[in-house]
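This briefing concerns the structure shown below. The notes are grouped by topic and begin with the interface.

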Amino acid sequence: MSVAPAEVESADTEVAPSTPYICLVWNDPINLMSYVTYVFMQYFGYGREKAEALMWDVHNKGRAVVNAGSREQMEHDATAMHEYGLWATVQKDD
Amino acid sequence: MCEQVTDLLDDPQPPQEVPGWAADLGLTGVGQARPTPSDPVLARLLPDGYANPDEAGEFRRLTEASLRARKQSNAETVRDQLERSPVDITDQVQAWLSFLADCRLILGTRLDVTEDTSMLPGLDPEKNLFLYLAYLQQSLVETVMGE
C-alpha cells in the first residue's frame, strides 16, 4: 500500500513546517473565564469548544499554548493579548 | 475610570520623533529600552512578553508605546460614547470589553485580588466597583456571544 505525500491543513490554523515559537497565555485571578473565552474566539477565530478548552487549560494548569509560529507572529499575538488585558509571553517551542 | 486609565497610561517616554519621510511611510520611533514598570498596576497593564529580562526589555521597547496608546484610545472611546445619549456601543464592543478588562486589572491589582478573594460586595467602594464591572463585562460578553 503506497501512501501519498501528506499535505495536512489544520482545520483552524495554517502552520508552517517549522514552528519554532509559541505564545502562552497565563492564568490571572482577575479576568473572567467568559471574557478569556471570548478573546480566544474573537482574536484567533477559534470555535467555542476549542476556546473554552484553552480557557480551562489556562485556569487549571496555570497557562496554555494558544498559538505557534514565527517569532514575529507570536510577538504580535502576545501584544494583542495584552491589549485585551490578558497576560501572554513568547518562548521557543522546545 | 476613563480619566484614571488615560492618566495612568500617559507615556513618560514617548517614542522619538521621526523625520517626515519616515512618518509618511508609516514608520514610528520606537523609543528607549525600558524595564518592567515598578508600579504593580502598570506592570499588570503592560506585562512582560518574555520571561528573560533582556528579551522582555527589547519586546517592551518595540511595543509598549503602541500598547499604551491602544489602551488610552479604548478609554477615550468609552468616555466619548458615555457623553452621548443614547449610548449605542454596537460598533465598539471590543473597545468596551478591553477597557473594562483594563479597569478590572487596575482595581484588582490595587485590591490585591487572588483566586481566594471573596466575590461578595461589602463596604469597600473600590471592591464593589470591581465586582460591578465584572457584572457589566459578563453581561456584555454574554450578549455578544449570543447567550
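The area buried between chain B and chain A is about 2500 Å², and carbon and sulfur atoms give 56% of it; buried area is the accessible area (1.4 Å probe) that two parts lose on being put together, summed over both. The size of an interface is often given as the accessible area lost when the parts come together. This is a predicted model, in which local features need pLDDT of at least 70 and side-chain atom pairs count only at pLDDT 80 or more, while totals for chains, interfaces and linings use all residues. Residues are numbered from 1 along each chain as its sequence is written, chains are lettered from A and ligands numbered from 1 in the order in which they are written, and side-chain values use heavy atoms, with hydrogens and water left out.

**Interface of chains A and B**

- In chain B, 33 residues are in contact with 27 residues of chain A, contact meaning heavy atoms within 4.5 Å.
- The rule finds three salt bridges across this interface, a salt bridge being a side-chain nitrogen of Lys or Arg within 4 Å of a carboxyl oxygen of Asp or Glu.
- A salt bridge joins D28(A) and R44(B), with the closest N and O atoms 3.4 Å apart.

**The side of chain B that touches chain A**

- Helix 3 (40–45), helix 4 (53–82), helix 5 (93–110) and helix 6 (125–144) of chain B each supply at least two residues of this side; helices (H or I, at least four residues) and strands (E, at least two) are DSSP runs, numbered from the N terminus.
- Helix 5 of chain B gives the most, with ten residues.

**Q137(B)**

- Q137(B) lies in helix 6 of chain B.
- Q137(B) is buried, with a relative accessible area of 0%; buried means under 20% relative accessible area, exposed over 50%, and partly exposed in between (1.4 Å probe, protein chains only).
- Neighbours within four places in sequence aside, Q137(B) is in contact with L32(A) and Y35(A) of chain A and with L97(B), L100(B), A101(B) and R104(B) of chain B.

**Chain A**

- Chain A has three helices and three strands, which follow the pattern β-α-α-β-α-β along the sequence.
- Of the 94 residues in chain A, 45% are buried.
- Among contacts in chain A between residues at least 6 apart in sequence, 70% join residues at least 24 apart.
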